[in-house]
Amino acid sequence: METLAQQKITQALTTLGPDELWLFLTQEGSDPNVGLVFGTALSGRAALMLHPQRGALGLCANYDRGHLEHQGQFAELRDYTTSFADAFCAWLSELAPQTIWLNFSEHDALADGLSYGQYLSVERLIRQTLPDANLRSSQDLLRTVRGVKTSEELRHLQRAIDLTIVMYDRLLPTLQVGQTEREIQARMNALAAELGAVPYLGGHGGPLVCINRVGLAHRAPTDEALQPGDLLILDTGLAVEGYYSDIARTLYVRQPGEHEAPAELQTVFRAIYGAIDAAFAVLKPGVRGLDVDAAARTALRQAGQPELSHATGHQIGQRVHDGGTLLGPDWERYNAASRGVVQEGEVYTLEPTVVQSPLPSMIVEENVVVTSSGARYLSRRQEELWLI
């Protein structure tokens, strides 16, 4: 059976035309795309290359060669002892590509794997060896390789999503008035550990835990405690073998004598639910990300909710917020990612959030995969406002 790295290499090779070479230059793990495509990291300076006829090629320091040989994903390996430049230029001259794809990008941070210094260095070596070679950004190639998941990637993602649902199922009965945001986050981190998953920390120590009256934002939890009448918003990603889910839920703390949430809160929840339905109905191969976002945005407005202040959804994978096509509006802040075209095999969140103050804010976030005919839920949907 093919390893995940072999699946990604095969996928990446299909993006190349004749007389092209995709070059990954890395040192001390500097380019995260090396891990994405080749499933490895290296200490010394290395050139990992994809050639449409010869497959995956690796030039590494002599002390890294055994590591790559053991992994077995390269069709050919060469090493150097004293001069990377001499070994690289000799191999490049032999391959003689007309176009060389490099991992730099003005628009996609995850595709921008070359530092400026590395770019200058490799450009100089290429120009002295192949002065007429065409150097191009690999951002569009990486959008496909990062976004379109292989069968092994989908297996990891489904496991991460399933464990996130289990975590929420186990958490809900334990929530009660008097617990602080910080205590709830600690419980979620503990549950993740019990399930053998790794929580996304996001610079906040773990899952987002936000009592609505304290404020909905990407923030660390506080020592504010749950009170009757509160809305509690939980948002977390769990990783399995390096692949993340991203699922959010909203809960209501009942006041004495209440059996369900007030009607005005249920109205907001149903509006979000309907906006997810609208985005899901449009999400299919060939549509632009901004068209999916427009469907959710329109549904929220028609339900009397405020304008969505961010994208409807993003891709997940080796990161909670993965690169490539975004389900968002055509705003400058998104660097044209929303103009990208949805492809079969991509995995997205759907999270048309209502953010308003002092009125109720809510997040419901689901994970879906794009199929040949549309989309399919990977997460079990939140069908109603959860109650504490």
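**Entry 1: Glu94 and Arg54**

I started with Glu94 and found it partly exposed, with a relative accessible area of 43%. Arg54 is also listed as partly exposed, at 31% relative accessibility. On this scale buried means under 20% relative accessible area, exposed means over 50%, and partly exposed lies in between, using a 1.4 Å probe and protein chains only.

I note that this is a predicted model, in which local features need pLDDT of at least 70 and side-chain atom pairs count only at pLDDT 80 or more, while totals for chains, interfaces and linings use all residues. Residues are numbered from 1 along each chain as its sequence is written, and side-chain values use heavy atoms, with hydrogens and water left out.

I then looked up how the two residues are joined. Glu94 makes a salt bridge with Arg54, and their closest N and O atoms are 3.1 Å apart. The pair connects distant parts of the chain, 40 residues apart: Glu94 belongs to helix α4 (residues 84-95), and Arg54 to the loop between β2 (46-51) and β3 (55-61). A salt bridge here is a side-chain nitrogen of Lys or Arg within 4 Å of a carboxyl oxygen of Asp or Glu. Helices (H or I, at least four residues) and strands (E, at least two) are DSSP runs, numbered from the N terminus.

**Entry 2: other salt bridges**

How many salt bridges does a search of the whole structure find? I got 24.

I picked Glu153, which pairs with Lys8 at 2.8 Å between the closest N and O atoms. This pair also links distant parts of the chain, with Glu153 in helix α7 (residues 151-171) and Lys8 in helix α1 (residues 4-13), 145 residues apart. Are Glu153 and Lys8 buried or exposed? Glu153 is buried at 1% relative accessible area, and Lys8 is buried at 0%.

Next I took Glu241 and Arg155, a salt bridge whose closest N and O atoms are 3.9 Å apart. Glu241 sits in the loop between β10 (238-240) and β11 (243-244), while Arg155 is in helix α7, 86 residues away in the chain. Glu241 counts as exposed at 56%, whereas Arg155 is partly exposed at 45%. I also noted that Arg54, Glu76, Arg78 and Glu94 form one network through salt bridges that share partners.

I went to Lys149, in the loop between α6 (139-147) and α7. Lys149 is buried but has no salt bridge, and Asp322, the nearest side chain of opposite charge, is 4.3 Å away. For charge, Lys and Arg count as positive and Asp and Glu as negative; His and the chain ends are not counted.

What does the side chain of Lys149 reach? It reaches the backbone oxygen of Ile316 at 3.1 Å, and one of its polar atoms lies 3.2 Å from the backbone oxygen of Arg146. These are polar contacts: pairs of N or O atoms within 3.5 Å where, within protein, one must be able to donate a hydrogen and the other to accept it, and residues adjacent in sequence count only if both atoms are side-chain atoms.

I found Gln315 in the loop between α10 and β13. Gln315 is buried, at 1% relative accessible area. Its side chain reaches the backbone oxygen of Gly323 at 3.5 Å, and a polar atom of that side chain lies 3.2 Å from the backbone oxygen of Thr325. Leaving aside neighbours within four places in sequence, the residues in contact with Gln315 (heavy atoms within 4.5 Å) include Lys149, Asp322, Val347 and Tyr348.

**Entry 3: helix α9 and the cores**

I looked up helix α9 (residues 263-282), which has 20 residues and spans 29 Å from first to last C-alpha, close to the 28 Å expected at 1.5 Å a residue. The expected span is 1.5 Å times one less than the number of residues. Its buried residues include Leu265, Val268, Phe269 and Ile272. They pack against β9 (231-236), β12 (247-252), α10 (289-302), β13 (347-350), β14 (366-370) and β15 (375-377).

Last, I checked the largest nonpolar core, where Ile184, Met188, Leu232 and Leu234 touch the most other members among its 32 residues. A nonpolar core is a set of buried Ala, Val, Leu, Ile, Met, Phe, Trp, Tyr and Cys residues joined through side-chain atoms within 4.5 Å. Two or more residues each come from α7, α8 (181-194), β8 (208-211), β9, β10 and β12. Helix α7 gives the most, with 8 residues. A second, separate core has 30 residues, among them Tyr252, Ala261, Val268 and Leu300.
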